[in-house]
Amino acid sequence: MTDINPRIAPAAGVAYEQQLSRSLTMRENIFITLSSVTPASSVFIIVPAILLAAGGASVLTMAIAAVAAIFVGMCYAELAATYPVTGGEYTWAARLLGRPAGFALFLLTLVSGIFIIAVIALGTGEYLGVAWSGLSGKWIGVGVIVVTTVVATLNIRTNAWVTGLFLVIEIAAVTVLAILGFAHVSRGPGEFVHAQAIVDGSLTPVGFSALVALVPVALFAYNGYGAAVYYVEETKNAGKMIGRVIMVCLAVTVAVEIIPLMAVVVGAPSMKDLLSAESPMNYFLIARGGPTLNVVISVGIAIAIINAVIAIILQIARLVFASARDRSWPKPVDDVLSRVHPRLHTPVAATVLVGLVAAVAAAFLPLDWLVNATGATTVVLYLMVACAALRLRRRGAPTSRGYRMRLWPLAPLVVIAVCLYVCYQLITPETWVQLAIAVGTLVVGALYYIAYLYPRRADRWTLPDPIHEDV
């Protein structure tokens with residue numbers, strides 16, 4: 001009689017046990033996933049960097065990135081439909097690229113996820129401070145992490161509706177931005193391909209190569225639609241529906257981010273003033289809507305950030321839960337982190353741990369260091385996901401029970417080419433540290449697997465079959 005807990009590590013060839021509550025509808029999964037993307041905060045925090053560097057052609061840059069994101073989304077959708085496991089990307093890499101690669105990707109996703117929670121939470125005070133200066137500062141961000149962690153321990157359907165309500169507020173904020181722009185058209189759609197930036201106080205043309213260099217930033221603005229897979233074991237009829245959920249989330253994200261940008265480009269009173277502003281979206285709001293509206297929308301963006309913190313804590317908590325279920329740690333740790341609350345049906349211990357570590361990171365690590373630590377992770381993550389997707393249809397492999405990408409292997413090959421190009425562009429004196437941190441994290445993860453998990457492979461990381469449930 002073995003002393004291995006079958007709930008944590010079933011024998012090879014046996015599926016995981018259904019521990020989480022399979023209660024989410026497709027719509028509720030979309031609510032949480034879009035909240036993780038937080039398109040409204042991308043419009044105000046990430047997109048302005050592209051706007052300032054490319055002028056009206058920021059729309060063209062976002063469109064190019066949207067095409068690339070479609071190929072990434074296709075990879076995510078078929079991988080999720082083939083291996084519907086709540087651990088997400090690392091579970092695919094482990095099964096398709098080898099277990100050392102799987103644990104390496106797990107560690108990269110875990111570290112970057114916790115740091116991203118800290119980074120975006122620290123941005124809350126910047127927008128709340130517009131309404132009331134007393135709400136600005138680092139400790140507001142730490143407080144946001146603490147409160148949202150409590151919310152994230154609640155039942156997943158409760159979180160779906162909380163994040164859905166907040167999502168309505170943030171989409172309303174960017175809708176106001178779009179309405180203001182299209183109601184005050186000052187230039188035509190030709191501006192969308194007019195690349196220019198402020199250089200020495202004057203509008204200066206920008207070359208196409210500069211637009212291409214901005215595509216990774218635009219991809220980061222869209223990032224998060226793949227988070228739907230983290231709730232796959234809590235979503236009804238997931239095997240057939242999860243691919244559609246991912247592609248719907250991507251489509252909504254692209255629309256919610258590009259349309260307000262188009263409105264700002266055509267509706268700004270002056271392109272020179274827009275591109276000279278430290279915060280171009282706030283400049284536009286004040287110019288077209290007035291200071292009061294700027295305050296109201298800023299509060300809406302703060303709500304969007306809080307919403308994103310909830311969603312990402314939910315996501316990373318399920319990543320930690322999955323790692324413990326796969327027996328990645330010493331047995332006492334696995335037993336605690338793989339436990340699901342009997343009434344809430346959520347991994348409470350894993351959720352609290354993620355919130356605690358993120359709060360400590362926000363409180364004591366410099367913001368610039370946190371940003372550098374997460375800078376290249378999205379590109380490296382996409383690269384490994386595409387490599388896994390390239391091995392999806394090998395002979396004898398499981399086949400998708402739902403979504404199957406068209407023209408395979410075109411999508412993974414395109415994503416690999418784009419990611420390798422971006423990694424090459426990151427080898428500069430200014431950005432090499434970002435790539436080095438990402439690669440270094442992968443190396444540490446692979447070494448951990450080799451040193452700790454591989455010698456114990458008889459009962460650790462047995463990688464059972466996914467749970468298949470049809471409604």
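**Figure 1. The segment after helix α20, with W461.** In this predicted model, W461 belongs to the segment that follows α20 (432–453). Most residues other than glycine have a negative phi. The relative accessible area of W461 is 1%, so the residue is buried.

**Figure 2. T38 in the loop between α1 and α2.** The loop that holds T38 runs between α1 (26–37) and α2 (39–45). T38 is not a glycine, yet its phi is positive, near 45°. With a relative accessibility of 7%, T38 counts as buried.

**Figure 3. The cis peptide bond between W408 and P409.** W408 and P409 are joined by a cis peptide bond, with omega about 10°. Most peptide bonds are trans. P409 is placed in the loop between α18 and α19 (410–425).

Figure 4. Among the buried residues are T377, T378, Y382, M384 and A389.

**Figure 5. Helix α16 and its cover.** The 17 residues of α16 should span 24 Å at 1.5 Å a residue, in agreement with the 24 Å between its end C-alpha atoms. The buried residues of this helix include A350, T351, V354, G355 and A363. Their cover includes α6 (99–122), α8 (138–152), α14 (291–325), α15 (331–337) and α17.

**Figure 6. A nonpolar surface patch at α16.** W139, L353, L356, V357, V360 and F364 form a nonpolar patch on the surface, and their accessible area together is about 620 Å². Helix α16 (residues 348–364) contributes 5 residues, the largest share of the patch. L353, a residue of α16, is partly exposed, with a relative accessible area of 36%.

Figure 7. A373 is part of helix α17 (residues 367–374) and, at 4% relative accessibility, counts as buried. Neighbours within four places in sequence aside, A373 is in contact with F115 and I437. A373 and I437 are 64 residues apart along the chain, but their C-alpha atoms are separated by 6.1 Å.

**Figure 8. E78 in helix α4.** E78 is located in helix α4 (residues 58–82). Its relative accessibility is 1%, and E78 therefore counts as buried. When residues up to four places away in sequence are not counted, E78 touches L392, R393, S400, Y403, R404 and M405.

**Figure 9. The setting of the close-up views: the whole protein chain.** The protein chain contains 20 helices and 2 strands. Its radius of gyration is 22 Å, close to the 23 Å that the globule rule gives for 471 residues, so the chain is as compact as a globular protein of that length. Along its principal axes, the C-alpha trace spans about 75 × 45 × 45 Å. Buried residues account for 57% of the 471 residues. Of the contacts between residues at least 6 apart in sequence, 83% join residues at least 24 apart. The chain exposes about 18100 Å², of which carbon and sulfur atoms supply 69%.

Methods: Residues are numbered from 1 along each chain as its sequence is written. This is a predicted model: local features need pLDDT of at least 70, side-chain atom pairs count only at pLDDT 80 or more; totals for chains, interfaces and linings use all residues. Side-chain values use heavy atoms; hydrogens and water are left out. Patches are made of residues with over 30% relative accessible area and no salt bridge: like charges are joined within 9 Å, nonpolar side chains (Val, Leu, Ile, Met, Phe, Trp, Tyr) within 5 Å. Accessible areas come from the Shrake-Rupley method with a 1.4 Å probe; for residues, only the protein chains shown count as cover. A salt bridge is a side-chain nitrogen of Lys or Arg within 4 Å of a carboxyl oxygen of Asp or Glu. Helices (H or I, at least four residues) and strands (E, at least two) are DSSP runs, numbered from the N terminus. Buried means under 20% relative accessible area, exposed over 50%, partly exposed in between (1.4 Å probe, protein chains only). The radius of gyration is taken over C-alpha atoms; the globule rule is 2.2 Å times the number of residues to the power 0.38. Contact means heavy atoms within 4.5 Å. The expected span of a helix is 1.5 Å times one less than its number of residues.
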